[in-house]
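Me: I'm new to this one, and I'd like to know what the labels rest on. Can you show me the structure, then let me ask about it?

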Amino acid sequence: GTQNILDTVKNSTKIIFPSTHVIFEGLKNTKIDIKENEKPETFLAYSSSKVTNENQIKNSGKKYIILRLGSVYGYSGDSTRINIMPNLFSKIASQNGKIKLFSGGKQLKSLTPLVDVARCFKFMEENNINNEIFNLSKETVTVKSVAELCKKYNRNLQIESTSDEIPNLGYTLSNEKLLKIGFKFLYNLEESISQMIEMWSKKKNI
């Protein structure tokens, strides 16, 4: 599908493509502040297809911006987004539920506010920046810290740490390159969690 679009659009078209942080899911060891020139390591179909798409776009001769998104959080009525960790934890908190933290929740995650993703697309459209890759990630947090933020807004939330093993400690993306060109994040995790818990609570009571 991506190649069909590349073959069809005019040469003057500027392509802004949403790639993903999971193109590094195959890293054997934890890496912090991964830069845009890091070689992808994948093993699942989704992330492998994103790497293929990135290469198709870079080789197309078209103007492009590739944005490698962290885990995008923010309230959505679309059930496919509920498995994003801050979204899921917020919904559990809204229902006075229990969050289980495997290995104590020490895994690292790179997160990105949904509204800032949309703002960044607009920023790239409006500025004369071409043929570049940027990591679009705002916060680096542990899974435990997200759970604790949820509990801050609902003391009835239960948090249970377990000794279950995790595949790895995760990895994080550097946003240094994006910030250097002038993009500013306006939204934050705590604000979004507060809003999501409130929205899920209202929906539960309807």
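Reply: The lining of the largest cavity splits into 4 nonpolar residues, 3 polar and 1 charged. This is a predicted model, where local features need pLDDT of at least 70 and side-chain atom pairs pLDDT 80 or more, while totals for chains, interfaces and linings use all residues. Residues are numbered from 1 along each chain as its sequence is written, and side-chain values use heavy atoms, without hydrogens or water.

Me: Which residues line the largest cavity?

Reply: Gly 74, Tyr 75, Ser 76, Arg 81, Ile 82, Asn 87, Met 196 and Trp 200.

Me: What is the volume of the largest pocket, and why is it called a pocket?

Reply: The largest pocket has about 570 Å³. It's called a pocket because its set of points is open, with protein on both sides within 12 Å along at least five of seven lines. Its lining has 23 residues, and the closest to the centre are Gln 107, Leu 108, Lys 109, Asn 168 and Gly 170. Strand β5 gives the most to this lining, with 3 residues. By class, the lining has 13 nonpolar, 7 polar and 3 charged residues.

Me: Which residues are closest to the centre of the second largest pocket?

Reply: That pocket holds about 310 Å³ of space. Of its 19 lining residues, His 21, Ser 71, Val 72, Arg 81 and Ile 84 are the closest to its centre. Helix α3 supplies the largest share of this lining, 4 residues.

Me: How do you know that Leu 101 is buried or exposed?

Reply: Buried means under 20% relative accessible area, exposed over 50% and partly exposed in between, with a 1.4 Å probe and protein chains only. Leu 101 has 1%, so it is buried. Leu 101 lies in strand β4, and its contacts beyond four places in sequence include Phe 89, Val 143, Ala 147 and Ile 159 (heavy atoms within 4.5 Å).

Me: What makes Glu 139 count as buried, and which side chain does it join in a polar contact?

Reply: Glu 139 has 11% relative accessibility, so it counts as buried. Its side chain and that of Tyr 73 are joined at 2.8 Å. A polar contact is a pair of N or O atoms within 3.5 Å, where one must be able to donate a hydrogen and the other to accept it. A polar atom of the Glu 139 side chain also lies 2.7 Å from the backbone nitrogen of Leu 189.

Me: Which members of the largest nonpolar core touch the most others?

Reply: Phe 89, Ile 99, Val 146, Cys 150, Leu 189 and Ile 193, out of 22 residues. Apart from it lies another core of 15 residues, including Val 72 and Phe 123. Each is called a core because its buried nonpolar residues are joined through side-chain atoms within 4.5 Å.

Technical notes:
On a 1 Å grid over the protein atoms alone, a cavity is a set of points where a 1.4 Å probe fits but cannot get out, and a pocket is an open set with protein on both sides within 12 Å along at least five of seven lines; lining residues have an atom within 4 Å of a point. Ala, Val, Leu, Ile, Met, Phe, Trp, Tyr, Cys and Pro count as nonpolar, Asp, Glu, Lys and Arg as charged, and the others, Gly among them, as polar. Grid points are joined across faces, edges and corners, and a volume is the space filled by probe spheres set on the points. Helices (H or I, at least four residues) and strands (E, at least two) are DSSP runs, numbered from the N terminus.
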